[in-house]
Amino acid sequence: QVQLVESGGGVVQTGGSLRLRCASSGRTLKSDIMAWFRQAPGKEREFVGAVNWSGRVINYEDSVQGRFIIVRDAAESSMYLEMNSLKPEDTAVYYCAARASSIYSKNYEFWGQGTQVTVSS
């Protein structure tokens, strides 16, 4: 089993930045693809971005491209989501996910509990 725990959420003003962390433990594999998703109130869960085992191959959703950066730290078994130039529409619960067939897949085997990000206007 794999455990994923997100942290770093909070309230930030429009244009601000936040850094989320996903800490993995359990039967994790360094080769696992990891990803961030988000879900806003009343909306379906949305893919944010995914990273491969090396951290050098990354797929971002168009709306966050250029503003969000995914960083993978294999030594810490962690993944980070650096969010910049935040907008009110980025408000959502952000989830970490692990183990998929590719960085373009939306189907992941393991999920964290989520962390709330609120961007005030």
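Reader: How exposed is Glu46, buried, partly exposed or exposed?

Author: Accessibility is read on a scale where buried means under 20% relative accessible area, exposed means over 50%, and partly exposed lies in between, with a 1.4 Å probe and protein chains only. Glu46 has 29% relative accessibility and therefore counts as partly exposed, whereas Arg38 is buried with a relative accessible area of 6%. Please keep in mind that this is a predicted model, in which local features need pLDDT of at least 70 and side-chain atom pairs count only at pLDDT 80 or more, while totals for chains, interfaces and linings use all residues. Residues are numbered from 1 along each chain as its sequence is written, and side-chain values use heavy atoms, with hydrogens and water left out.

Reader: What do the side chains of Arg38 and Glu46 meet in?

Author: In general, side chains of opposite charge can pair when their charged atoms come close. The term salt bridge is used for a side-chain nitrogen of Lys or Arg within 4 Å of a carboxyl oxygen of Asp or Glu. Arg38 and Glu46 form such a salt bridge, at 2.7 Å from N to O. Through salt bridges that share partners, Arg38, Glu46, Arg67 and Asp90 are joined into one network.

Reader: How many salt bridges does a search of the whole structure find?

Author: The search finds five. One of the salt bridges is formed by Glu82 and Arg19, whose closest N and O atoms are 3.6 Å apart. This pair links distant parts of the chain, since Glu82 is in strand E8 (residues 78–83) and Arg19 is in strand E3 (residues 18–26), 63 residues apart. Strands (E, at least two residues) are DSSP runs, numbered from the N terminus. Both partners are partly exposed, Glu82 with a relative accessible area of 24% and Arg19 at 47% relative accessibility.

Reader: Which residue forms a salt bridge with Asp32?

Author: The partner is Arg99, and the closest N and O atoms are 3.0 Å apart. Here Asp32 is buried, with a relative accessible area of 7%, while Arg99, at 22% relative accessibility, counts as partly exposed.

Reader: What is the order of the strands in the open sheet of four strands?

Author: Two strands pair if DSSP finds at least two bridges between them. In this sheet the order is E1-E3-E8-E7, with antiparallel pairing, and the edge strands, E1 (2–7) and E7 (68–73), each pair on one side only. E7 and E8 are joined by six bridges, and the bridge partner of Ile70 in E8 is Leu81.
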